[in-house]
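Biologist: I am new to this structure. Please take a close look at the disulfide for me, and then lead me on from there to the rings and the core.

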Amino acid sequence: MDPKTKFSTHRERATNPLVWCAAIICTILTVAVIIAGIVTFIGYLVINPRVPYVSVMDAHLDHIQIDYAGILEIQVTILIRAQNGNEKAHASFSDSSYSLSLNGEVVAQLVAPPFEVGKNSSVDFNYVVPSSPIPLRPDQAEDVDTGLKKDLITFDLKGSTWVRWRIGHLASVRFLCRLECRLRFHPLNGTYIPSRCSSKAK
């Protein structure tokens, strides 16, 4: 007898049918996930979704006055546009709130009720912002007086709005549009010095 010959004293165990079933199910699920991912990616490319955004389009300093006691009175008009560049989806905006401040002092709050913007469309909000008489600290009053003499007044605008839109039949997306910028004016005639002020990524 060949010494290399080996005898098996027991039968080799057959693979459990349950293991085969589990392997087949896992394979099917993996293939399904891959196919779903490919379909989602192709759908994304076809739909080409764009994130809606808000921007300051124009503004005007209607009135600004400060008396000897440091009491400030202003009125500002600000045009904010909500833009939806999606050709196949409406966009819903909600919780829109922006604060307007001067030298660190909040002088007005801009708010808007929930609204919708149609496909590839925009909605404009023309905020006319009068303020109640605002008492300023001596240093704040001095800064405003200096700005009036230099014919340059700068406000800070900061806030956000929630926007929701649907990417075809794939998903519903909710996104926070943040707006933070400076609005500069010539107080002698109230004209706005245009500058970029938008939540849209550069």
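Modeller: C197 is buried, at 3% relative accessibility. This is a predicted model, so each value here is computed from predicted atoms. C197 forms a disulfide with C181, and their sulfur atoms lie 1.8 Å apart. A disulfide is a covalent bond between the sulfur atoms of two cysteines. A search of the whole structure finds one disulfide. C181 lies in strand β9, residues 171-186. C197 lies in the segment after β10, which spans 191-193. The pair therefore ties together parts that are 16 residues apart in sequence. C181 is also buried, because its relative accessible area is 10% and the cut-off is under 20%.

C177 is buried, at 1% relative accessibility. C21 is partly exposed, at 43%.

Now the rings. A pair of aromatic rings is described by the distance of the centres and the angle of the planes. The count comes to five aromatic pairs. One of them joins F93 and F115. This pair is stacked, with 5.0 Å centre to centre and 0° between the planes. It links distant parts of the chain, for the two residues are 22 residues apart. F93 sits in strand β3, residues 91-102. F115 sits in strand β5, residues 115-117. F93 is buried, with a relative accessible area of 1%. F115 is buried too, with a relative accessible area of 15%.

Another pair joins F185 and Y192. This pair is tilted: the centres are 5.7 Å apart, with 50° between the planes. F185 counts as buried, at 0% relative accessibility. Y192 counts as buried, at 11%.

The rings also group together. F93, F115, F125 and Y127 are linked into a cluster by ring pairs. The charged end of R174 sits over the ring of W162, 4.1 Å from its centre.

Next, the core. The largest nonpolar core has 40 residues. Strand β2 gives the most to this core, with six residues. V56, L72, I78, L100, V107, F155 and L183 have the most contacts inside the core. Take V107 as a case. Leaving out residues up to four places away in sequence, V107 touches L72, I74, L100, S101, L102, S131, I134 and F155.

R81 is partly exposed, with a relative accessible area of 25%. The side chain of R81 makes a polar contact with the side chain of D124, at 2.7 Å. Neighbours within four places in sequence aside, R81 is in contact with Y53, V54, S55, M57, S122, V123 and D124. R81 and V56 are 25 residues apart along the chain, and 6.3 Å separates their C-alpha atoms.

Technical notes:
Residues numbered from 1 in each chain as written. Predicted model: local features only at pLDDT ≥ 70, side-chain atom pairs only at ≥ 80, totals over all residues. Heavy atoms only, no water. Phe/Tyr/Trp six-rings, centres within 6.5 Å; stacked < 30°, edge-to-face > 60°. Helix = DSSP H or I, 4+ residues; strand = E, 2+ residues; numbered from the N terminus. Buried < 20%, exposed > 50% of the residue type's maximum accessible area, 1.4 Å probe, protein only. Lys NZ or Arg CZ within 6 Å of the ring centre and 35° of its normal. Contact = heavy atoms within 4.5 Å. Polar contact = N/O pair within 3.5 Å; in protein donor to acceptor, adjacent residues only side chain to side chain. Disulfide = S-S within 2.5 Å. Core = buried A, V, L, I, M, F, W, Y, C linked by side-chain atoms within 4.5 Å.
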